[in-house]
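Hi everyone, thanks for coming.

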Amino acid sequence: MPRVVKKFDSRMIEPWAFVAPALIIVLIFYFLPMILTIYTSFTPLRNWNISRYAHQIVGWRNYQRLLHAILNDPSVRAVFLTTFVFVSVTLTVNVLGGLLLALLNFFLGKKSSSLINTIWLLPRMAPIAVYALVWYYFFHGSKMGTLNSLLLKIGVISQPISFGQEFLPLGPWSVIVFVNGLVGVSFGLIVLSSAINSIPSEYLIAARVDGATDWQICRRVLIPQIKWHLMYVTTWQLLSLLTSYAHTYLLVSWKLVNKTYASPWALYVYDLAFTGVFDQGLAAAAGTVLVIVGGFLGWFTLKILGFDKLMGQPRGDL
Amino acid sequence: MALKDVEVKKKMNQFLYTVVLLAFSLPIITGFSLLILSSFSNEMVTNFDFLKTFLTLQNWKLLFQGRIALTGGLRENILLYAFNTLIVALGVAVLTTFVGTISGYAISRMNFKGRKILLIMMLLLHALPGSVLIVGVYFLYRVSMPTNYQFIRYFSFFYVIIARAALEVPFSVWLMKGFFDMLPWEVEWSAIVDGASRWKVWYRIMLPLIKPGVVAVLIFGFLAGWQDIIYVRTFLIDKTLATFIESNLETEVAYMPLLAAAATFYLLPTVLFYVFSQQLLFKVYAGGIRR
């Protein structure tokens with residue numbers, strides 16, 4: 001059968017022609033930059049003067065400087081502490097907030113629930129600059145700030161407070177947790193809502209017939225059914241909090257929050273390379289550490305979520 | 001008693017839950033409304049002092065005239081910035097959709113050596129956002145930059161689009177794989193038996209069947225490109241709406257209500273897209289996690 005033989009040949013190459021676009025993008029924009037980042041971390045590159053510095057190799061010096069800074073420089077230690085507090089607190093807010101909203105939303109009628117979804121998706125969809133601007137005015141340290149004006153009106157304070165610059169470190173921490181927390185909550189809300197909605201309604205009807213209250217339905221029916229999704233949201237959100245910094249970047253650059261106590265690790269890397277001292281060697285070393293931590297967490301995430309099961313072979317391929 | 005008669009969602013509690021949820025949403029509603037309202041006002045109304053202000057279209061007028069302050073000759077071409085933002089957004093949308101639909105098809109419906117490694121790789125890269133590699137991405141940008149000064153501007157557009165799209169590619173591939181997974185095999189088999197190549201099957205049969213998926217990824221990619229600030233400010237030489245707002249808030253001369261108008265203008269397409277494709281977008285954001 002000549003046709004089958006011909007098909008067999010083309011079938012060896014054809015899939016790779018299809019995946020080529022994704023493969024090329026991944027090679028050029030993930031693997032190459034990863035190698036370049038690791039390489040840069042062994043050079044004294046600064047001010048992006050590639051022709052001058054990129055050929056020199058300084059061994060582990062950038063890593064030694066990083067370690068030295070973590071141990072001795074209070075501002076870098078603050079970055080370390082901020083990362084830990086920011087990631088853990090925001091993660092808790094994200095997961096619990098998302099779960100609470102998803103559960104409450106489940107009991108609503110279609111119209112109200114889609115209204116709530118619309119409101120909560122806004123932080124995620126809005127342009128980052130607009131979203132940051134909203135909170136810039138909200139937490140602004142003058143009478144113009146929304147929170148200040150409210151507190152002044154009800155007489156809790158007599159002078160406007162600069163929430164992000166005073167009360168170190170709790171002030172700036174609260175602001176960045178709040179701002180990033182709202183973005184993350186929508187992720188939990190969406191994922192958990194869709195999980196809850198795919199639970200067969202027979203379970204719920206049976207529970208209701210037996211006289212279960214809303215609370216009991218949540219505890220005994222809904223939450224046990226979405227355990228896997230809760231884990232998914234938690235681990236995914238952990239990774240994204242560790243590695244994203246766009247919102248916080250704007251709040252810091254607009255001086256709404258104290259730079260030292262509002263810079264998580266990822267922002268510290270960006271700041272070192274692009275806005276602060278332009279020390280790309282050190283930034284690359286800090287970035288490499290983040291990639292290693294993130295990569296390990298990512299791999300671990302896939303393991304515990306059992307993603308192997310999702311990789312089943314295409315059943316119908318001839 | 002018919003099953004329909006069982007009240008799974010109790011009417012009485014619904015009201016209470018709605019009130020609770022709206023109370024939680026209050027900061028978001030307040031923040032965005034005050035910003036939008038301020039754009040139509042002669043002063044920022046973020047402090048609720050509505051009595052001292054009056055409604056005006058002045059900010060919007062000034063914005064489109066390109067004057068960023070009430071006095072002085074500072075000129076900014078806001079429409080050009082909007083156009084730049086649009087180019088980046090459209091570029092990212094088209095590229096992510098193209099890569100997602102073409103590679104997602106192979107990963108979903110073809111069995112080949114290396115498929116599993118590819119899938120794990122996509123998931124891992126999706127889990128670990130590429131933005132942590134920005135030092136390396138910028139290094140590449142600098143060494144691949146053309147020497148001709150005139151080309152650098154175009155090159156920066158080209159580069160920011162691909163680099164930003166690359167961030168969304170693992171997700172879009174994964175998402176489109178999900179859409180392709182749902183299609184029945186019979187159509188594909190019969191086309192192949194009739195002698196169609198996989199390319200033809202993909203283009204003629206599969207793509208029309210997953211139109212909603214394609215639209216969803218297009219919108220998703222567009223919004224990702226439209227909202228971006230970090231990549232745009234790092235790689236793009238020209239200004240976009242995001243960098244316009246970023247740089248103007250830092251200057252002392254900034255006329256705040258005008259910035260509020262710029263922000264509202266910048267927010268508009270997002271809201272429009274959302275209104276028209278809410279259900280679809282919801283699916284996308286929840287996508288890729290079926291189990």
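Before anything else, a word on names: when I say a helix with a number, I mean a DSSP run of at least four residues, counted from the N terminus. Please also keep in mind that this is a predicted model.

Let's begin with the empty space inside. Rolling a probe the size of a water molecule over the atoms shows where empty space is left. Over the whole structure, the search turns up six cavities of 30 Å³ or more. What is the volume of the largest cavity? About 1100 Å³.

Its lining is made of 37 residues, and those nearest the centre are A:Arg124, A:Ser240, A:Ser244, B:Glu168 and B:Gln227. Several elements give two or more residues to this lining, including α5 (110-125) and α8 (170-197) of chain A, and α6 (149-181) and α9 (211-227) of chain B. Which element gives the most to the lining? That is α11(A), with six residues. By class, the lining of the largest cavity splits into 21 nonpolar, 12 polar and four charged residues.

Now to the place where the two chains meet. The size of an interface is often given as the accessible area lost when the parts come together. Here, chain A and chain B bury about 10800 Å² between them, and 76% of that is on carbon and sulfur atoms. On the chain A side, A:Phe18, A:Tyr30 and A:Met125 lose the most area to chain B, together 8% of what that side buries. In terms of contacts, 115 residues of chain A touch 116 residues of chain B.

How many salt bridges cross this interface? The rule finds zero between chain A and chain B. It does find 22 residue pairs in polar contact there, both partners at pLDDT 80 or more. Helix α1 (residues 2-40) of chain A gives the most to the side of chain A that touches chain B, with 23 residues. That side has 82 nonpolar, 23 polar and 10 charged residues.

On to charge pairs in general. Side chains of opposite charge can pair when their charged atoms come close. Over all chains, the count comes to 12 salt bridges. One of them joins A:Asp279 to A:Arg65, with the closest N and O atoms 2.4 Å apart. These two are 214 residues apart: A:Asp279 sits in the loop between α13 (265-275) and α14 (280-305) of chain A, while A:Arg65 belongs to helix α3 (residues 61-72) of chain A.

The peptide bond from A:Leu168 to A:Pro169 is cis, with omega near -5°, and A:Pro169 lies in the loop between α7 (146-153) and α8 of chain A. A:Trp48 has a positive phi of about 55° although it is not a glycine; you'll find A:Trp48 in the loop between α1 and α2 (50-53) of chain A.

Technical notes. Residues are numbered from 1 along each chain as its sequence is written. Chains are lettered from A and ligands numbered from 1 in the order in which they are written. This is a predicted model: local features need pLDDT of at least 70, side-chain atom pairs count only at pLDDT 80 or more; totals for chains, interfaces and linings use all residues. Side-chain values use heavy atoms; hydrogens and water are left out. Contact means heavy atoms within 4.5 Å. Buried area is the accessible area (1.4 Å probe) that two parts lose on being put together, summed over both. A salt bridge is a side-chain nitrogen of Lys or Arg within 4 Å of a carboxyl oxygen of Asp or Glu. A polar contact is a pair of N or O atoms within 3.5 Å; within protein, one must be able to donate a hydrogen and the other to accept it, and residues adjacent in sequence count only if both atoms are side-chain atoms. Ala, Val, Leu, Ile, Met, Phe, Trp, Tyr, Cys and Pro count as nonpolar, Asp, Glu, Lys and Arg as charged, and the others, Gly among them, as polar. On a 1 Å grid over the protein atoms alone, a cavity is a set of points where a 1.4 Å probe fits but cannot get out, and a pocket is an open set with protein on both sides within 12 Å along at least five of seven lines; lining residues have an atom within 4 Å of a point. Grid points are joined across faces, edges and corners, and a volume is the space filled by probe spheres set on the points.
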